[in-house]
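Biologist: Happy to sit down with you over this one. Could you walk me through its aromatic side chains?

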Amino acid sequence: MRPLKLIMSAFGPYAGQTVIDFSQLGEQGLYLITGDTGAGKTVIFDAVSYALYGQTSGGVRDANMLRSQYADADTPTFVELEFSFRGKCYRVKRNPEYRRPAKRGTGMTKEKAGAELYYPDDRVPVTRMSEVDKSIVELLGLNHKQFTQITMIAQGQFRKFLDTNTDERSKIFRDLFHTYFFQQLQDKLKQDAAAKRNEFAEQQRRSEQALNGISCIYPAYTEQLQSFALRHYEGCVEEVLTLVDTITALDEKEQQQVAAAAAIVTKNLTALQDSLGAIAKKQQLEKYMQTTEAKMVSMQKQLEQEAAAAVQRQEALQKLEAEVNEAQKGEVELAQLQTERQQLAARQRELLQLQDMQQRYQRQEVVLLQKRQEYKQACDNFNHLNELSDTCFDRFLSAQAGLLAHDKLKPGKPCPVCGSCEHPQPVQLAQDAPTENDVEQARAKAEAAQKIRDGLIGEGKALKEHLELDKTLLLGKGVELLGCDDLKLIAERAQAELKDVNNKITALRLKMGFLQEKVEQYRKLAKTLEQQKAVDKQAEAAAQSIRQQLAGAEGQLQELKKQLAEQNELLTDVDEQKLQQEHEKLLVQQRELELQDKRLYAAIKNNQRIKQEVSGYEARRAACEAEYSLINSLSATLNGTLTGKKRVNLETYVQMHYFDKILQRANVRLLHMSRGQYELCRDKMQDADSKTGNSKTGLDLEVKDYYSGNLRSVKTLSGGESFMASLALALGLADEVQSCAGGIQLDTMFVDEGFGSLDDSSLQQAIATLQGLSEGHRLVGIISHVHDLQEMIDKKILVRKKRGQQGTGSEVALVVD
């Protein structure tokens, strides 16, 4: 990562917008950031760190402290960094949360923190803060902590990476050298070992639980099983299973004895049950005989009752048939009346139709008469208006001479009629003379009246033709129905006959209502007759069935008497009470033997099942034990937890390889800067001393002092010595990271102070080391107040405080010789 341009707006001591163009400093070499104390030199590094990660370089300034106290209220606070990585340019912009004037209304509002990342291609910019943080780490391969420890040695932070322990250093190396795979392998083996250990314990628990369920009724063996249970069957499972075989064999032998005794009891029970069965059969035969005799008496009584009921039903049926025959006559008469009524109704409809035609004819005669009167009135009105129109026109013509004399005849001018210039007696204009408009209105009224008259002529003609047609139809219908062609006679005869038809229909309705009741009575009687016949038929069938049952019962009774006689001969001198007592005694013995057999069967099956299950559990437990031993040993080796061995896990072991190479690169510079006095070494003595401890080792540091020939802790170094060691270690780490295949590209480095603790000679050595480092296309920025550095380094970023009329805050200027 190489910064190209940095924009700071209202950030730290920079009140306005400050732009630093790093591209003017070139692609390699040293540049110095110097200036007034407190002017904001370190803030430049903070701005770079904040733009990338949202945190300052040293972690001292919080985000809410970044808003410039010198800035105007309307000036926004943000940092924008344009940087190159692997030959491509990216741009990231961030702003902290701060308060600003509201865009609408008055007062202040909160501006939320935000971040934006722009790519060099057509990808959509990332605008969510969490996604920008994630994308920067994925792009650069470094999180904020790693970035500050490797590329940015912040003020007061020199010893952090130098003094950190194995755990912290391992986390840094994990991301830098991608050793997380080894950690995952270690964790997976640890999980697998724990799973196998749990599976082994589970098989052992199941085996113990199964063995606790062994069935045993033998006291000596029960005591042995209890002693084994107290030991949780540890190391004696095979012995217990052998004991189970012995118990099962004893149970099977006793089961055979129980089966033999049960067979004898069953045989004796069968003999007794035969005798008791004969007694029960005799009792049953006697009961059947009593039941059969009672049934026969009941059936005989039913037959007598049915015979009497049959006589009554026959008499009722004969009476009902006579009533049905009488009521049936009304149905025939009702059908005849319905036919007659239909004929009268048809005649009624025809006469009513004839009356409608006559009434319509009479109404049309009235309408025609009205039209004739309207026509006469229209003629009178037309004649009157036409006469008025002619009179008005005549008066209009008569008044024309007066108009001519009034408008045209002037003394000395010729008359338009005779040509004379003298006009001794001109006609006087009448006062009530009609105008031309009056003539037109009178003529229009006459023409309107004429149209009304002519329209009534057409309507009257159409009405007369329609009336003649209706008259012809009416006369034809009168001849057809009444044999009469006179309109008056047709009306009289139609009315008289319609009255007669209506009277006949009314009489028929009354008579049909009476007959309808009679027909309904007939239908009910007929239905009742059919039901009574069905009942009589069913009663006869039931009586026949009883007769057949009675005959069968007589035969069955004779057979029962015969069987009872035979049973009486067999049961001579038999004591039924004694047989019952013996039978009960054998039943009790049989139940006891069955319960004993079931208990033995259950115990045998239970013990056989337990043996089979425990054998399976033991086989799986042995397999789990072997697998656990192998996996646990491998896990302990890879996780560095072997008893009596160094506590170095696989990941740390791999990281130790990288760490040794880092130290080799760092010592080249440290020996040069310390004039051969100091060399950094891994603390191998701590590895040897921590065989039984719980702390992780392998990446701890110590320093070798060639002047004294002793190894000592890096914490014993002075301020200047620790600065040189930290600088050398950071440079060595950066070199190793970039040298790895697919490693992280570090094109820049920032060093904040620390040079003031060096003497002149050490300062020369440190600068020479950094100059050698910058020859490899690397740009190294140094913040320092040391005057000698200003003489040694040509490229500078000057930071000055504004004073007086220049304003407030700080400003930046680039000096490139």
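Modeller: Gladly! One definition to start: rings of Phe, Tyr and Trp (its six-membered ring) pair if their centres lie within 6.5 Å. Keep in mind that this is a predicted model.

Biologist: Thanks! Which residues form one aromatic cluster with F83?

Modeller: The rings of F83 and Y90 have their centres 5.7 Å apart, which is within the 6.5 Å cut-off, so these two pair. The cluster also takes in a further tyrosine.

Biologist: How do the planes of F83 and Y90 meet: stacked or edge-to-face?

Modeller: Their planes are at 20°. Planes under 30 degrees apart count as stacked, so the F83 and Y90 pair is stacked.

Biologist: Is F83 buried or exposed?

Modeller: Buried means under 20% relative accessible area. F83 falls under that limit, so it is buried, with a value of 0%.

Biologist: And what is the angle between the planes of F22 and Y31?

Modeller: A search of the whole structure gives eight aromatic pairs. One of them is F22 with Y31, at 6.3 Å centre to centre. This pair is edge-to-face, and the angle between its planes is 65°.

Biologist: Last one: which ring has R91 over its face?

Modeller: K93 lies over the face of F78, at 4.4 Å from the ring centre. R91 lies 4.0 Å from the centre of another ring, that of Y118.

Note on methods:
Residues are numbered from 1 along each chain as its sequence is written. This is a predicted model: local features need pLDDT of at least 70, side-chain atom pairs count only at pLDDT 80 or more; totals for chains, interfaces and linings use all residues. Side-chain values use heavy atoms; hydrogens and water are left out. Rings of Phe, Tyr and Trp (its six-membered ring) pair if their centres lie within 6.5 Å; planes under 30 degrees apart count as stacked, over 60 as edge-to-face and the rest as tilted. Buried means under 20% relative accessible area, exposed over 50%, partly exposed in between (1.4 Å probe, protein chains only). A charge sits over a ring if NZ of Lys or CZ of Arg is within 6 Å of the ring centre and within 35 degrees of the ring normal.
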